[in-house]
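Open the model in your viewer and keep the selection panel at hand. The tour goes from one selection to the next.

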Amino acid sequence: MSEQPARIEEPTFCEVHPSRETSLRCNKCGRLMCADCAVLTPVGYRCRECVRQHEDRFFNASQYDYAIVFAACAALSGVAGAIISAIGFLFLVIIAAFPVGGAVSEAALRLTQRRRGRYSGQIAAAGVVIGGIVGGVARVYLSYAGVAADLARRAPGRDIPALPLDTALTTALSDIGLLVFVGIVAFTVYGRFRMRI
Ligand SMILES: [Zn+2]
Ligand SMILES: [Zn+2]
């Protein structure tokens, strides 16, 4: 009766770093990789090559998608910014900013069938900032129009000057609540667009 020799596992090494012993394999292509070469993704450990390939496939936004993302973020942030600057209650503003950021990014993602590109995060954040400031300026003009109408009623025939744009902009930008709101929304939207999967 001959004894079967115990099978001894051959040591295996990282394909990029041949001196590092490892038994970890990429769950996509199966190549051996050390801890430095492995990337933890939501679907398990993968090699850098597979992650890069995945990203290239994943970044499928066109210039047109970028334009839609910018427009959607600017429009929604504009409306939200106008409302927020009218409320002007900082605590409420901070609480509202995160869900608004989530809603804005979700809307922009749906409008582009969830296509994203390398710059989607930056473009979305820029849209939020510009839209939010425009919304704040619009709100300043609206309140000025209200005051002007009131004044015209009380003192008919009086000449009421138009509000200069730089004054409106300065007023909007001195609204800490609006700035904090726009900052949080931009940050949330950026993070949402940068998520890998
Ligand atoms: Zn791989
Ligand atoms: Zn390695």
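Select strand 1 and strand 2: they make a hairpin, with 2 residues between them. Strands here are DSSP E runs of at least two residues, helices are H or I runs of at least four, and both are numbered from the N terminus. Strand 1 covers residues 38-41 and strand 2 residues 44-47; their pairing is antiparallel, over 4 bridges. Pairing requires at least two DSSP bridges between the strands. Now pick L40: opposite this residue, in strand 2, is Y45.

A note on the model: it is predicted, local features need pLDDT of at least 70, side-chain atom pairs count only at pLDDT 80 or more, and totals for chains, interfaces and linings use all residues. Residues are numbered from 1 along each chain as its sequence is written, while chains are lettered from A and ligands numbered from 1 in the order in which they are written.

Zoom out and colour by domain. Domain 1 is 8-58 and domain 2 is 63-194; the bounds come from an automatic or database domain assignment. Their C-alpha centres are 44 Å apart.

Next, the largest nonpolar core. It has 31 residues, and C73, A124, V128, V185 and V189 touch the most other members. Such a core joins buried Ala, Val, Leu, Ile, Met, Phe, Trp, Tyr and Cys residues through C-beta atoms within 7 Å. Buried means 20 or more other C-beta atoms within 10 Å of the residue's own, with C-beta atoms placed from the backbone. Select helix 2 (63-87), helix 3 (90-111), helix 4 (120-154) and helix 6 (176-194): these elements each give two or more residues to this core. Helix 2 gives the most, 9 residues.

Finally, select C14, C26, L32 and A38, which are among the 7 residues of a second, separate core.

Notes: Buried ≥ 20, exposed ≤ 12 C-beta atoms within 10 Å, placed from the backbone.
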